[in-house]
Protein chains: 2
Amino acid sequence: MSESTPVERVVIIGAGFGGLTCARELVKKGGFSVTVIDRHPYQLFAPLLYQVATGGLPEDDIAYPVRAAIPGVDFRRGDVVHVNPDSKTVRLADGHVVEFDRLVLAMGSTGTTYGIPGVDEHALQMKDIKQARAIKNSLLQKYEDVEIGLAPKESLRVVVVGGGPTGVEVTGAVAELQRSMKREFPKISKHASVTLVEAAPRLLMPFSEKSSARAKSDLEALGATVKLEAAVDRMYSSDVHLKSGEVLPAGTIVWAAGVAAPPEWAVLGLTDRANRLIVSPTLELTKNVWALGDLAHVDGGEGRPLPMVASVAMQQGRYLADAFERSRKGEAIKPFKYKDKGQMATIGRRRAVVEMPNGWRLSGTVAWLSWLGLHVFYLAGGRNRVSVVADWFWNYVAWGIGPRRTVID
Amino acid sequence: MSESTPVERVVIIGAGFGGLTCARELVKKGGFSVTVIDRHPYQLFAPLLYQVATGGLPEDDIAYPVRAAIPGVDFRRGDVVHVNPDSKTVRLADGHVVEFDRLVLAMGSTGTTYGIPGVDEHALQMKDIKQARAIKNSLLQKYEDVEIGLAPKESLRVVVVGGGPTGVEVTGAVAELQRSMKREFPKISKHASVTLVEAAPRLLMPFSEKSSARAKSDLEALGATVKLEAAVDRMYSSDVHLKSGEVLPAGTIVWAAGVAAPPEWAVLGLTDRANRLIVSPTLELTKNVWALGDLAHVDGGEGRPLPMVASVAMQQGRYLADAFERSRKGEAIKPFKYKDKGQMATIGRRRAVVEMPNGWRLSGTVAWLSWLGLHVFYLAGGRNRVSVVADWFWNYVAWGIGPRRTVID
């Protein structure tokens, strides 16, 4: 970079995989002053939220302090209430105004109910730590309540809606939790069950049919029930009604069916059906503003947007840091191109399905180990986080969920 | 036990060190049907609460599910609202009535403010997980607030009131936390400080003068300020007023000065000044009712009651299980006799003071290692809990507090 080039102020809203990758890369390149804004002071390791929700990991293991993660970056905790691309300012709820030369929107996604009646009121979502804590407390508290007759035995039934990776993972983990609760609640445990409900004809739609079938049989081997082509019509506090007329009693309903970008910008007409901001092939939304990750709709070929997964967000974060540097140097910028890293879903504590972009498929324990080895290490990255990964491994493999399962409210 | 002896129903209120030890021993002996009642479904490992309060350990590490801890015991989660020794019943807040042949009161202690104005409103206590979480969130949130100008720099000052083991431990841990925050908040960290305030002329009054002096100099080496003969007059939201007239600004005030039994029974005239129930030398309170641990006032010689520490409670739990069996067999029961196990306090991550009953004194790292090795292993006990101890060790020693320090609210 030439000495005359001024330092550019890049503001990134959202401390997720995409935003933090972008921030880290910009600091490495130098010549940028980088500010990250998020309402939480930690990066949430969302792929393991289901572990917190089922008592497998403590909350602290999946919340990594942002400041420690990105030295050299200015972090601000706050809620953005207004973005002005013309004056190049961002206003926070606490009244502070932050100026930028370039703004990156990286706020990720949130749960969506598709307007199905009762979901908002009765289902537990799983997009942040509070929600995961609520699921864990509900799962465990029902045992206490049923044991002393405060709740009917049907309360021990769990219904999970949504057969994507999250739904499959939480179902497997609940099945294992229920199995391990038998020792503590021998009298009532036989009433516990978990049912996964999916509207499509198979689980894990983006995977191959073979992997879908394997996920289903693995879940069934753990004691879960899988209902396919089962669309939810409505739900109440203690049951889920399917469109077929079938009623599933449930003490805990987990909603893992819908993911969408936050609805704030839908009114601007800049979004797709999932509220994702439709950006240019270089991820530009409007002058001086870019978007990445779950929030951004980028064409992935065959008319479908790229999936809402961490590896897309991280590649886009790296891409934008590169693009900003090129732009400062006056170099041409090529469109973003996603390099498929494959996909994985874990089923319980020892099984997974993995599909590599080259067509390789793994399942069972080998797949699970590769999930642990590749996926987690790859996502975590960075010297500091090796300790967190080691801790996960320790908690997860060596000691199991035994000593962790308790309601802390 | 003869075959004609009926099974005795023992109900234990409180799942702390004393209550659970008693329950476990009774189950081992056989011939008793044991019920434990507690408002939380977990045993709190209170000696490490200060670690949770300062971000060193996740909450889950010090909350062990009761049911897993004591197989063979009937556990009920609930609040006891009434005890009737005549009808031999206990009533819970949810309306359930539990019958007993023998009742053991083992509810432990709570914080007390000695009526000092402002303590209730402005100081954070540290007797349960919620309180520890509040301290941690306050300590960390102040950095965020000061960094963006939402709070004055004095908010980074911490005042700890009470120079007993808990106050010393939390002060040392806060000093280390502040030291490690320098990397994340380089601009403002110089304003952080921690002051320990104690009304007596030295810290750790029950220890020798040498250990007291060592604790003070160890704390000072960590950067803490220690104020002796400094009695608190009153406090407000952002400062602590001493009787000397000195005012200590503080963003976080931790109250570690007073411990007392719950006040419920004080009206009966059965208690001492600390609300402890005055029991007979065999721990009997009244017909069919016994008390143990922090809740029970047992003469420890020289007119002073035994200290409120876990080892007293555990020995009393074991003693009562023994006494109940002897009583069933018609054997004589000797008074409870405390076997002093020594005392320890840790100062930061690598130092401690230890005093053994034989007069041995340890300090520094050797003492700290013996704290870890003896105290923790001794208190934890049991096959299952080895895993928790290993986990503590892992979290505490191998990885440090780095990746854990974040506000999760």
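Visitor: What covers the faces of E24(B), and which residues lie on one side and on the other?

Guide: The model before us is predicted. In E24(B), Arg351(B), Val353(B) and Glu355(B) lie on one side, with Ala352(B) and Val354(B) on the other, and all of them are buried.

Visitor: What makes E24(B) largely enclosed by the rest of the structure?

Guide: A residue counts as buried if 20 or more other C-beta atoms lie within 10 Å of its own. Five of the five residues of E24(B) are buried, so the strand is largely enclosed by the rest of the structure.

Visitor: How do you know that E23(B) and E24(B) pair, and in which direction do they run?

Guide: Pairing requires at least two bridges between the strands. Five bridges join E23(B), residues 343-347, to E24(B), and the two run antiparallel. Within this pair Met344(B) is placed opposite Val354(B). The hairpin they form has three residues between the strands, and Gly348(B) adopts a positive phi near 70 degrees.

Visitor: What joins E24(B) to E25(B)?

Guide: Three bridges, in the antiparallel sense. Glu355(B) has Arg361(B) as its bridge partner in E25(B). Five residues separate the strands in this hairpin, where Gly359(B) shows a positive phi near 95 degrees.

Visitor: Which residue in the turn between E6(B) and E7(B) has a positive phi?

Guide: Lys88(B), with a phi of about 55 degrees; four residues lie between the two strands of this hairpin. E6 (80-84) and E7 (89-92) of chain B are antiparallel and share four bridges, with His82(B) partnered by Arg91(B). E7(B) also pairs antiparallel with E8(B), residues 97-99, over three bridges, and there Val90(B) is partnered by Val98(B). That hairpin has four residues between its strands, and Gly95(B) in the turn has a positive phi of about 100 degrees.

Visitor: What makes E13 and E17 of chain B edge strands?

Guide: The sheet concerned is open, with four strands in the order E13-E12-E11-E17 (chain B) and parallel pairing. E13 (225-227) and E17 (252-255) each pair on one side only, and they are its edge strands. On average, neighbouring strands of the sheet are turned by 20 degrees against each other, direction ignored. E12(B), residues 193-197, pairs with E13(B) in the parallel sense over three bridges, and Val197(B) stands opposite Lys227(B). H5(B), residues 129-147, lies across E11(B) and E17(B), at about 160 degrees to E17(B).

Visitor: Why are H1(A) and H8(A) called roughly parallel?

Guide: Angles under 35 degrees count as roughly parallel. H1 (17-29) and H8 (310-329) of chain A pack at about 30 degrees, their axes 7 Å apart, and they are therefore roughly parallel to each other. The crossing is right-handed. Among the residues that meet are Phe17(A), Cys22(A) and Leu26(A) of H1(A), and Ala313(A), Leu320(A) and Phe324(A) of H8(A).

Visitor: Is Leu204(A) buried or exposed, and how do you know?

Guide: Buried: the threshold is 20 or more other C-beta atoms within 10 Å, and Leu204(A) has 24. Leu204(A) lies in the loop between E12 (193-197) and H7 (209-221) of chain A, and has a positive phi of about 45 degrees although it is not a glycine.

Visitor: Which residues touch the most other members of the largest nonpolar core?

Guide: In this core of 246 residues, they are Val160(A), Val254(A), Leu105(B), Val160(B) and Val254(B). Leu105(B) touches residues including Ile13(B), Leu277(B) and Trp290(B), with those up to four places away in sequence not counted.

Notes. Residues numbered from 1 in each chain as written. Chains lettered and ligands numbered in written order. Predicted model: local features only at pLDDT ≥ 70, side-chain atom pairs only at ≥ 80, totals over all residues. Core = buried A, V, L, I, M, F, W, Y, C linked by C-beta atoms within 7 Å. Buried ≥ 20, exposed ≤ 12 C-beta atoms within 10 Å, placed from the backbone. Contact = placed C-beta atoms within 7 Å. Axes fitted to C-alpha atoms, helices over the stretch in contact; angles between N-to-C directions. Parallel < 35°, antiparallel > 145°, perpendicular 65-115°, else oblique. Left-handed = near helix turned anticlockwise from the far one by under 90°.
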